[in-house]
Amino acid sequence: MSVFSHPEFDGHEKLVFHHDRSSGLKAIVAIHNTNLGNALGGCRMWNYASDDEAIADVLRLSKGMTYKAAITGLNIGGGKSVIIGNPRRDKTPELLRAMGRFMNSLNGEYITAEDVGIYEEDVKVIASETEYVTGFDSNSVGINGPSPYTAYGVFRGIEAAVRFRLGRNNLKGIRVAIQGVGKVGFELAQLLINVGAEVSAADIFTDSLERAVRELGVIPVPADQILYQQVDVLAPCAMGATLNKETIPQLKARIVAGSANNQLGDRSDGERLTEAGILYVPDYVINAGGLIKVYYQYFGADRQEVIRHIDQIAEETLPRIFSVARELRKPTSVIADELARERFMSGELAQTDAA
Ligand code: NAD
């Protein structure tokens, strides 16, 4: 297994492995870039098929956080962590506390939060051992985990994409297919249904899908068919790399806009989507709501400021990316990368109400 020559390495500053014998914790922290500040990014717990898969995932996710923080105008760097294990079987308070102690060993250079397989209640257990954690209710006034804010940002991003691509000012009757009705996907379905969108969804966990059908009235779709629904918007809200050379030619949606990190299999898939006439809303821009929320929460600002900042992404940043991409005939993913890279390479700090 290679690290420095890994295809996802991309100049990472640190990759730290940790094993805690008594709890069985096997975790990796990746810190991609700290030009704009210490790294902040969630912790994912997943049943990776191999250590290599976990390393590739954490490197890819952590790089994405650098780009996300930069394009969102936050003064933080990019990092992420993964715990290797099945969250439904292997997650114990001992393991989470060991993760907290691992955070302490990094002295705040990386601050963690929730992600796939890690929930707000788990974050609270991690916080019993470390201050380098955010995104739970006891360190803020009246706002809790990031997922509702991520969902809100995706919802606002879908509105922006529908306005740009379909010329429609509201989502009434717009058909949206959601892949994964977990923390973000479920909340997103709720927001869409509230404004009259027609929502179909799939999840590999049947209990999660059943809940969305029962409580929200989403139309259930088998997991292997959700990407190919005849809809206006495809919202990937599960795992990464769903958009690739096999899937893109079969997509019927005119917009792809969802919360999942690293939706493109590789850079050429951005080109493929553009050629197919599909407006791709860059994942790390549309899903930045949760990061904005945990950032302000960590540095102590209020809910209104969080919402204002998320709205700004949908109302200014995304339309700018869409227009520049159209003007230059480049993929939206490339334009987003260029704008983000420009900021984090310059190291220029933004004026924010936090910190
Ligand atoms: P989650 O674990 O709560 O939900 C993910 C859901 O996707 C689960 O219900 C899982 O069963 C389902 N799933 C996995 N593979 C699937 C497949 N092939 N088909 C259908 N369903 C599948 O995670 P989440 O917090 O909702 O995050 C979802 C995505 O959004 C992840 O990629 C995450 O990195 C990203 N994201 C989340 C946040 C946040 O605030 N939670 C912020 C930014 C990005």
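**A tour of the ligand site**

Select the ligand together with Asn261 to begin: an N or O atom in the side chain of Asn261 lies 2.8 Å from an oxygen atom of the ligand. Keep in mind while looking around that this is a predicted model. With the ligand still selected, note that the protein covers 91% of the 830 Å² of accessible area that the ligand has on its own.

Now widen the selection to the 24 residues around the ligand, of which Arg44, Thr150, Asp203, Ala238 and Asn261 come nearest.

Turn to the cartoon and pick out helix H4 (147–166) and helix H5 (183–194), each of which contributes at least two residues to the shell. Colouring by domain shows that domain 1 (3–127) and domain 2 (147–289 + 315–343) each provide at least three shell residues.

Finally, display the pockets: the largest pocket is the space that the ligand takes.

Terms used. Residues are numbered from 1 along each chain as its sequence is written. This is a predicted model: local features need pLDDT of at least 70, side-chain atom pairs count only at pLDDT 80 or more; totals for chains, interfaces and linings use all residues. Side-chain values use heavy atoms; hydrogens and water are left out. A residue is near a molecule or strand if one of its heavy atoms lies within 4 Å of it. A polar contact is a pair of N or O atoms within 3.5 Å; within protein, one must be able to donate a hydrogen and the other to accept it, and residues adjacent in sequence count only if both atoms are side-chain atoms. Accessible areas come from the Shrake-Rupley method with a 1.4 Å probe; for residues, only the protein chains shown count as cover. On a 1 Å grid over the protein atoms alone, a cavity is a set of points where a 1.4 Å probe fits but cannot get out, and a pocket is an open set with protein on both sides within 12 Å along at least five of seven lines; lining residues have an atom within 4 Å of a point. A molecule sits in a cavity or pocket if more than half of its atoms lie within 2 Å of its grid points. Helices (H or I, at least four residues) and strands (E, at least two) are DSSP runs, numbered from the N terminus. Domain bounds come from an automatic or database domain assignment.
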